[in-house]
Amino acid sequence: MSNKQVEQMEGIIYQVISGFYYVWSGNKSYTTKPRGLFRHQKITPLVGDRVIFELNQEDPDSDGRIVKLLPRRNEIKRPSVVNIDHAFVVMSLVEPDFSYYLLDTFLVSLEAKKIKGTIILTKHDLLVKEVGEAAADAQVDEIRQVYEPAGYDRLVVSADEASIQAVNDYVHEGLYVIMGQSGVGKSTLLNRLIPDLEIRTAEISESLGRGRHTTREVTLYELNGGFLADTPGFSTVDLTTIAKEDLRLFFPEIRRKGQACRFRSCLHKQEPGCGVKQAVEGGTIPASRYENYLHILQQIEETPPRY
Ligand SMILES: Nc1nc2c(ncn2[C@@H]2O[C@H](COP(=O)(O)OP(=O)(O)OP(=O)(O)O)[C@@H](O)[C@H]2O)c(=O)[nH]1
Ligand SMILES: [Mg+2]
Ligand SMILES: [Zn+2]
């Protein structure tokens, strides 16, 4: 054992399934397990972690062993991914219906981690089929007007090549997480961006008579020298760990207008001389954003502090 030929390598965890950690390194996949010490130290490697792992050269088919995690830059819990550079928040216009509230909770959770988010609207084609071209355009326009003042980019994604290309142009080095409710089309979007992937989506398994196929684990896929993370869908975001004084910082347009408030401590509820309330009345802060801010604030205020 003592003269075992061991090589150390660096890679990124791209998937975790029942105790096996799949690491991508030098264009190859390695199956690894963490060293036993990690469990005692309560260290759980996650998708997106950069790791140092060892390979036994005398037995190249044996599992590698993760010996070290490199420092994490950030971490989100749902979906569970670390070292995120950018997030694509995928929202469908129909099936499931678009929700301003859900989108705002996703965006706040990202702002709280200082992760830049881009909104992707899917199923534009379905909306057109349901309500016609003019009404569909009006709805997309309305969404754009709500998110433009906050500075979020919006990309419409339909089946057409141009919108897929627009998303592709966004992706460079780094880790891009694709997040959103179940069924909005995250895996479908990935399949269109990287056509030889063929990730199973609802459509494919329906034709096999097995019902919907929902993504169950986070997986990184390579694109343009970066990584895209397909993730399981979820539709609740826990924001109650955010301090009530911090929430106003996580709505960029409210943060900006808040500088005009009479009181620095203004939570933009009923305080006199509130610049945010004025901006809502004047229409420069969209009503839905302000209402969702108040709604999340109320939830935070109603949650007893945790220690
Ligand atoms: N018409 C239309 N259907 C779409 C579009 N995007 C996705 N779909 C369909 O929506 C269904 C769900 O898509 P998925 O890609 O599996 O959704 P998902 O977000 O990965 O869902 P989870 O894995 O459960 O989180 C599938 O039947 C897709 O074919 C779109 O732009 N237009
Ligand atoms: Mg999926
Ligand atoms: Zn105020």
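**An exposed glutamine**

I began with Gln-41, which is exposed because 9 other C-beta atoms lie within 10 Å. For burial I count the other C-beta atoms within 10 Å of a residue's own, with C-beta atoms placed from the backbone: 20 or more is buried, 12 or fewer is exposed, and in between is partly exposed. Gln-41 belongs to the loop between α1 (37-40) and β4 (50-56). I also checked Gln-41 against Glu-281: they are 240 residues apart along the chain, and their C-alpha atoms are separated by 53 Å.

**Ground rules**

I am reading a predicted model, where local features need pLDDT of at least 70 and side-chain atom pairs count only at pLDDT 80 or more, while totals for chains, interfaces and linings use all residues. Residues are numbered from 1 along each chain as its sequence is written, and chains are lettered from A and ligands numbered from 1 in the order in which they are written.

**The whole chain**

I noted 11 helices and 13 strands in the protein chain; these are DSSP runs numbered from the N terminus, with helices being H or I of at least four residues and strands E of at least two. The C-alpha trace spans about 75 × 50 × 35 Å along its principal axes. Of the 307 residues, 31% count as buried.

**Around ligand 1**

How many residues surround ligand 1? I found 21, and the closest are Gly-185, Thr-201, Thr-214, Thr-215 and Gly-233. A residue qualifies if its C-beta atom, placed from the backbone, lies within 6 Å of the molecule. The shell divides into six nonpolar, 11 polar and four charged residues. Here Ala, Val, Leu, Ile, Met, Phe, Trp, Tyr, Cys and Pro are nonpolar, Asp, Glu, Lys and Arg are charged, and the others, Gly among them, are polar. α3 (124-131), α6 (186-193) and α7 (202-207) each supply at least two residues of this shell, and α6 gives the largest share, three residues.

**A closer look at α6**

Is α6 enclosed or open? Six of its eight residues are buried, so α6 is largely enclosed by the rest of the structure. The buried ones are Lys-186, Ser-187, Thr-188, Leu-189, Leu-190 and Asn-191. Their cover includes β8 (86-92), β9 (116-122), β11 (174-179), β12 (219-223) and β13 (226-230), where contact means C-beta atoms, placed from the backbone, within 7 Å.

Key. Two residues are in contact if their C-beta atoms, placed from the backbone, lie within 7 Å.
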